[in-house]
Amino acid sequence: MSAVPGFDRVRAVVEQGLGKGASLRKQVRAGSALLDTVRRDPRIVRELIAGMTGHGSPSEPEAAPEHTLPAGLSDYARTAHAHRDLDTGAAATLAYLAQLQRLPEWVTFHAGWRGEAPGSAAVGVEYTQVAKFMGIPADVEWMVTEVSDAGLGLRGHGPQGLGLGLWITVTPNGSGSRVYIDAGLSGQPIDGPLGGTVARALGDALTDSLAGLPAAMGAPGPASAPGRAERKAVRHRASGTVLAPTTPVLVGVGQIVQRTPDPAYGDPSQLAVRALRAAAEDTGAGPELLARADAVFSVAPTSWQYRDLGALVAAAVGAGAADTVQSSPFGGDGGQLVLNEAAAAIAAGDYDLVLVTGAEAGATAAAAQRAGVEVGWPVQDASVAPTRTVGIDKAANNAAESAAGLQAPINMYALLESANRHRLGRTAAEHEAAVAELWSRLSAVAAGNPNAWQPHEFTAAEIAAVTEANRMISAPYTKLECANLTVDMASGIIVASAAAAEAAGIPQDKWVFLHAGASGTDEWFVSERAELAASPAIAALGAAAFEHAGIAAEDLAHIDLYACFPVAVQIAARELGLPVDDPKRPLSVTGGLTFGGGPGNNYGGHAVATLVQRLRAEPESFGLSTSLGWYLTKHALGVYSATPPTRAYRHLTPVIEHPAARPARTGYEGPAVVEAYTLPYGRDGRPEAAIISVLTPQGDRVLLRCTDSELLAALTDEDWLGLPVTVAGDTIVPATGPTSAAGPASAAAGESVLSAAGLGRVALPPPPPAPVLIERRGHIMIITINRPHVRNAINLATALGLERAIDAYEADPNARIAILTGAGGYFSAGMDLKAAARGEVPVTEKRGILGIVSQPPRKPLIAAVEGPALAGGCELALTADMIVAASNSTFGIPEAKRGLVAVGGGVLRLSQRLPRAIAMELSLTGDPITAARAADIGLINQVAEPGKALEAALELAARVAVNAPLSIDASKQIIEQAPDWSVAEAFAKQGQVAAAALSSLDAGEGMRAFVEKRPPVWQGR
């Protein structure tokens, strides 16, 4: 019996625990020892059974007999082994094998990386490898769990619940070395009948890999970037967290506040360099750190426009070869936006060390102007440009806003403040007092901020009182409630990867992590927003960042909301769920742009630099900083903490679902309701005009600039918000009073105009119906073009609505298929030619013609067509992957009859979907075809009864939506891409496209559900 493999090992364990006459307790202990031994090495039992039955176990490759198996191997149901002797010494061999980025050189089943390749092995390093087993590519997510002088260990998981363990052990062997690889496999794919085959295939692959190891070790290694530190995982000592080497951290901050203008009239770039040198000193690594920067990210100044501020800064600090990234020329969102982008570049492995700066010398420029001095600030050659520009820069105002004189931010924000007061239901006096109290609290913050431009605390009474030094700027704002842009200020922030920060010796108590960044825009033109006192963008960005960081608004200890004007703070606080009057948690860490200082586009840089100091002092707390550009238009925010993040950093750009926009009209006369107004004041203390926003009964917005003295007096003394009026020319009159364009009716002595008119407040008219509607039914999204009065012709607003709807569909993980249809029994007449003639051409920046034609969704789309789908309507239908049409519908591209060409995808897509002769016929004749013929030639999928196209499309969509999302995506992509593949590469290409689906959790779920005879529950991963 002792000749049976495994028996001697079992007997040794038992004899060790049992002596002659062993007690029951000893017998139990021996049994437990046996179970532990079997658990550590289940091969013992398999060997014993195989020896007793005479059947070997070919599915289990043998390890070298003198090799001690890793303890963790017992966690796996099946194992695989390989070993090889090498001429190189053990230390050199292990040093090579620990360079995980060199796996492709010798591992035969390696097929690629998902994301960045790993660096050297260190406990906690994570990476995703595309491995090809038995000809099938699969994603395997690995983590390094052990590193020692003898080898390393990894644990991973792959498709269908597959668990893997891999241990590489190197031992000396004379003057050379011996390499052992032990692998473990478990999970649903291994428990099945193919488990043994998979284990054997892995063992063969490991043997083949080791066979190629000597040649691979003799080849030169991959070149690394000059001066770049080796990227290794970093243990955060305070928390015990193991950080990925590319985790972005803020390691140094510096601020320059030059309250006395520079007598040498230095330019902003000099202030930026000083701020960065202060940041380098803050790191503890010294100013030489700056020369090692991979990139300089800068906020475009407003006091002097450089072609590339980063290039000047890089040259000054000795980092002349660094890349440069600059924010768009206008917009206070730049301060946070460049930080979000810098962190994203570090997280992606593009850079290890980034300098972030912004500077203004507005006070010096003003002093030079007063002195009659022409500053000789740098003028860069026209060929100079940053490596990349971030942010959106386009016209800030539409025609209606420009005509009303709303280009200056102070006037626009004052108008928004009026709308905010109306929303809160306050009287003018109540609201002015509340705003002054809010700004007084910010001045108290500035009084304690050594880097504030105006570190002085003002009372609410001082802020509200109109004096010669605190004149009215634009009602209801006094000078002390406005941003102060005439400052000399600069910020410097150093962002590094965790690996680079550790390699530079920067103490970890200096580190602050950017947990999540987010950016996006509201409806671009203020006059087209559904509500003036709201920001869907801030709400969406905040929700996305909080969710990613794993916190809620109440978890924030330190907050800085961009505080250019009081209404910006109030709206942001409301959208983020923050109280505006919490004395324990003020909404600024700097004092805002009035008291902390408004350094052009770069206020956000100072906010974050100040926030870093707060978070270092309270390392377990969280902070939020927001930045905005134009008129609550462009937004960026970030969530920070000195505690490491639980999820890898991301710069989030969530889809913002805007409510229906309001058309901005000019030249309107008729009934309306006052929505908001402001009075810009001159230096003489008198209002120069009234800028009024009124809403028509249809929900359109009309902006007026009125200069009638009687109306200005009435608006100064009385509250016209929510009152019905009549628009007459360039003025308004009470709705029940005379409609003369000369102004409001004269009131009797001592009687107000409104009292004379006997007016009462009314509700604001809602926006007109949205041109595009979205409805969600389970996993199906219905997108409806909602302009039946013009047969659903597409104007610019509708194109923008379609683009946003498709963006929302693509971003919604619950939506698996969408249906595009039209309201009122029409699909679409294509382009709205009358609107196009007015300049409303329906072409969007991202998806092009009609808001969808140039870039249809990646996810599947069905068109549900009722009525004629001709010209642009046909092209719109052809953007869909499947078409369901009513029997009385028609299709065609008649452009040739009009001397045009169907370049909205008509000719192109017909040529792709139809035989050449039929595509030629439809394109060259321009003749329409019936739904029946379209079905016969394969252009549409299904013909429905008139009025039933959507119903039939929903049935078809339901048949798609029950299937696995990743399988749907892969199948569509193969169909889309296959025409470009050669015969030789087709199968390999389709395998690459299908890999994510085949290796997904859903693949395992589908098989389990089939066996268990139940509907699958898809997770999309």
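Begin the tour by selecting A871, which is placed in the loop between strand 35 (868-870) and helix 26 (872-878). The structure in view is a predicted model. Although A871 is not a glycine, its phi is positive, at about 50°. Most residues other than glycine have a negative phi. A871 is also buried, with a relative accessible area of 11%.

A second residue with a positive phi is N792; select it next. Its phi is about 55°, and N792 is not a glycine either. Where does N792 lie? The residue belongs to the loop between strand 30 and helix 24 (796-811). With a relative accessible area of 0%, N792 counts as buried.

At I785, look across to G822, which stands opposite in strand 31.

Now colour strand 31 (residues 817-822) by accessibility. Six of its six residues are buried, so the strand is largely enclosed by the rest of the structure. Which residues of strand 31 point one way, and which the other? I817, I819 and T821 point to one side, while A818, L820 and G822 point to the other, and all of them are buried. In a regular strand the side chains alternate between the two faces of the sheet.

Select G825 and G947 together. Their C-alpha atoms are separated by 6.8 Å, although the two residues are 122 apart along the chain. G947 sits in the loop between strand 39 (942-944) and helix 30. At a relative accessible area of 59%, G947 is exposed.

Follow the chain into helix 30, residues 949-961. This helix has 13 residues and reaches 18 Å from its first C-alpha to its last, close to the 18 Å expected at 1.5 Å a residue. Which residues of helix 30 are buried? They are A949, A952, A953, L954, L956, A957, V960 and A961.

For a view of the surface, select V901, V903 and V907, which make a nonpolar patch of about 270 Å². V901 is placed in the loop between strand 37 (890-892) and helix 27 (906-913). With 57% relative accessibility, V901 counts as exposed.

Next, show the cysteine sulfur atoms. How many disulfides does the structure hold? The number is zero. A disulfide is a covalent bond between the sulfur atoms of two cysteines. Select C564 and C482 to examine one case: the closest cysteine sulfur to that of C564 is in C482, at 9.8 Å, which is too far for a bond. For comparison, the cut-off for a disulfide is 2.5 Å between the sulfur atoms. C564 is buried, at 5% relative accessibility. Another cysteine to select is C706, which is buried with a relative accessible area of 1%.

The last stop is the pair A475 and P476. Is the peptide bond between A475 and P476 cis or trans? The bond is cis, with omega near 10°. Most peptide bonds are trans. P476 is found in the loop between strand 15 (472-474) and strand 16 (477-478).

Definitions and conventions: Residues are numbered from 1 along each chain as its sequence is written. This is a predicted model: local features need pLDDT of at least 70, side-chain atom pairs count only at pLDDT 80 or more; totals for chains, interfaces and linings use all residues. Side-chain values use heavy atoms; hydrogens and water are left out. Patches are made of residues with over 30% relative accessible area and no salt bridge: like charges are joined within 9 Å, nonpolar side chains (Val, Leu, Ile, Met, Phe, Trp, Tyr) within 5 Å. Accessible areas come from the Shrake-Rupley method with a 1.4 Å probe; for residues, only the protein chains shown count as cover. A salt bridge is a side-chain nitrogen of Lys or Arg within 4 Å of a carboxyl oxygen of Asp or Glu. Helices (H or I, at least four residues) and strands (E, at least two) are DSSP runs, numbered from the N terminus. Buried means under 20% relative accessible area, exposed over 50%, partly exposed in between (1.4 Å probe, protein chains only). The expected span of a helix is 1.5 Å times one less than its number of residues. Two strands pair if DSSP finds at least two bridges between them.
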